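Please examine the sequence and the structure shown here. The report that follows takes up the protein as a whole and then some of its parts.

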Amino acid sequence: MENKGTGTPLPTPHKKGRLQSTLVLTTLSASFGSVFQYGYNIAVINTPHKVFKSFYNDTYFERHGRFMDENSLLLLWSCTVSMFPLGGVFGSLIVGLMVNKWGRKGTLLINNIFAITPAILMGVSKVARAFELIILSRVLVGICAGISYSVLPMYLGELAPKNLRGTLGTMTEVFVIIGVLLAQIFSLQSILGNATGWPILLALTGVPALIQLLSLPFFPESPRYTLIEKGDEKTARQALRRLRGCNYDVEAEMEEMREEERKEREEGRLSVLNLLTFRPLRWQLISIIVLMAGQQLSGINAVNYYADIIYTSAGVDPTQSQYVIVGSGVINLVMTVVSAVIVERLGRRILLLSGYGICGSACLVLTVALLLQSTVPELSYLGIVCVFAYIVGHSIGPSPVPSVVRTEIVLQSSRTAALTVDGAVHWLTNFIVGLAFPSIQVAIGPYSFLIFSALCVLTAAYIYVVIPETKGKTFVEINCAFAKRNGVEFPEEKDRTMAEPHTPSLPGKQTSF
C-alpha cells in the first residue's frame with residue numbers, strides 16, 4: 001500500500017519487533033541489578049554455612065564466656081535463613097504502592113537502597129563482631145528481592161514487543177539462576193567461602209545494585225506505564241522509538257496501547273481487594289496463584305536439600321560435592337537460557353506441561369531409588385540422574401515460564417494488584433516449604449517426594465485445562481480468551497476487529513490495597 005500524495009509505502013501494521021540494542025541493554029541493566037539479588041542471596045549462605053555458624057558461636061563466646069548449645073545455634077541459623085523469604089513477603093506487599101507512585105524503572109532504582117545498605121552491614125559485621133547485622137541484612141535484602149521479583153517481569157513485559165515477550169520475560173529467571181550460580185562459585189572454600197573471605201562474599205550483593213544505579217537512569221520507562229498511567233503520549237512514543245528502532249511501525253503499537261487504555265477505563269483501576277472479588281479476572285487470578293504456588297511446591301527446594309545426601313551416597317567425596325553442586329547450577333542456567341530461546345517457538349503451555357511432567361516423573365523415580373539404594377547400591381547413581389533430570393525439567397518450564405505468563409494474562413489496570421498477590425503467594429509458599437520440609441522429611445523420608453510428584457501432576461492438569469496459549473497475542477486478546485470461562489459477555493461493536501468482554505465499571509482511583 002502506498003501514500004497517494006507522495007508515493008511512499010505506508011508502514012505495515014503489527015510488524016514484529018527485534019532485539020534492538022536499547023532493548024537489550026535496558027533488559028541487562030534492569031535484570032542484573034534486581035532479581036540477581038534474589039538468586040545470589042538464596043545460595044550464598046548454603047555452602048559456607050559452617051563458617052557462618054562458627055562466627056556466630058565465637059561471637060557469642062566473646063560476649064558470654066560460653067558457647068551456644070546445638071539447639072540454640074540451629075535456631076539462630078534457621079532465623080538467619082528464614083528472614084530472607086519473610087523480607088520477600090513484605091517487599092511483595094509494598095510493591096504495588098511503589099510502582100503506582102514511582103513507575104517501574106523508578107521502583108527498581110529506589111529498590112537498590114535495600115541492596116546497598118545490607119551489603120555494607122554484612123561487610124562490616126565481622127569487624128563489628130555482630131551477627132545480628134547479618135540477620136537484619138537478610139530481612140532488607142529479602143525486601144529487595146520481593147520488590148524486584150514482582151517489578152521486573154512487569155517492566156520487561158511492558159517493554160517487549162509481543163513476539164519477544166516470552167524471551168524477555170524469562171530473563172527474570174535467567175538472572176535469578178545466574179545469581180545462584182555465581183554465589184555457588186564464590187562460596188567455594190578456595191575462593192571466598194572461608195573464615196577470612198565471607199564478609200566480602202556477602203558484601204558483593206551491593207555491586208549489581210551500584211551498576212544499575214549508574215546505568216538504568218539512561219534507559220526509558222515502560223511506554224505502557226507512561227501512556228496509560230501517566231497520559232504522556234509524546235514520551236511513550238519516544239520510548240517506543242528508542243526500544244524498537246527506526247524501521248518499526250510505532251503507531252500500530254501505540255494504537256494497541258490505546259485499546260488497552262480503553263479497557264482500563266471500562267474496568268477502572270483495581271486494588272488487591274477489588275481483584276479478589278472481580279469476576280471478569282477470576283480465572284486469571286486463580287491461574288497466577290496456581291502457577292506461583294506450583295513453582296515452589298513442586299519440590300525444587302527439597303531436591304536441592306537432598307542433593308548433598310544423594311551425591312554422598314553415590315560415592316562422591318563430601319569435600320568435592322560442592323563442585324557437583326556448581327555443575328548442577330551450570331545445567332540449571334544452560335537449560336533456562338534454552339527455555340528463553342525456544343519459548344517463542346514452542347509456546348508457554350508446552351514448556352510448562354513438559355517441565356512439570358519431567359519433574360513429576362523424576363520425583364517418582366527418585367523415591368524408588370532412595371528407598372532401595374541400601375539393598376541395591378547401584379541405584380544411588382540413578383538418584384543423581386533423577387536430580388539432574390529434575391533440574392532440567394524445572395529449568396525449561398516451572399522456573400522461567402510463570403514469569404512470562406503472569407504478566408501476560410492481566411491488563412494494565414489490574415497488573416499491579418495481580419503481581420502483588422503473585423509475589424505474596426510466591427514468597428509465602430517459599431517460606432512454608434522451607435519451614436515444613438525438614439519436618440516432613442524426618443517423618444516420612446523419601447516418601448516426601450511422592451507429595452511433590454502429585455503436586456506436579458495437579459499443576460500440569462490445571463495448566464492443560466485452564467491456561468490458554470499466550471504466544472504472539474496482545475494483552476487484550478489474551479484476556480478475551482479468558483472471558484468465556486469467567487462468564488463475561490462480549491458486546492458487538494462494528495468498529496472493533498475483535499470482541500471485548502463487557503466489564504462492570506469500578507472507581508477510577510484506587511490504592512494498591
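## Surface and overall make-up

The protein exposes about 21400 Å², of which carbon and sulfur atoms supply 66%; accessible areas come from the Shrake-Rupley method with a 1.4 Å probe. This is a predicted model, in which local features need pLDDT of at least 70 and side-chain atom pairs count only at pLDDT 80 or more, whereas totals for chains, interfaces and linings use all residues. Residues are numbered from 1 along each chain as its sequence is written, and side-chain values use heavy atoms, with hydrogens and water left out.

The secondary structure comes to 23 helices and 0 strands, taken as DSSP runs (H or I of at least four residues for helices, E of at least two for strands) numbered from the N terminus. Of the 513 residues, 57% are buried, that is, under 20% relative accessible area with a 1.4 Å probe and protein chains only.

## Packing of H2 and H6

Helix H2 (residues 35–43) and helix H6 (residues 132–159) pack at an angle of about 135°, with their axes 7 Å apart; the axes are lines fitted to C-alpha atoms over the stretch in contact, and angles run from 0 to 180 degrees between N-to-C directions.

Ser 339, found in helix H17 (residues 321–346), is buried, with a relative accessible area of 0%. Leaving aside neighbours within four places in sequence, Ser 339 is in contact (heavy atoms within 4.5 Å) with Leu 351, Ser 395, Ile 396, Pro 400 and Val 401.

How values were computed. Buried < 20%, exposed > 50% of the residue type's maximum accessible area, 1.4 Å probe, protein only.
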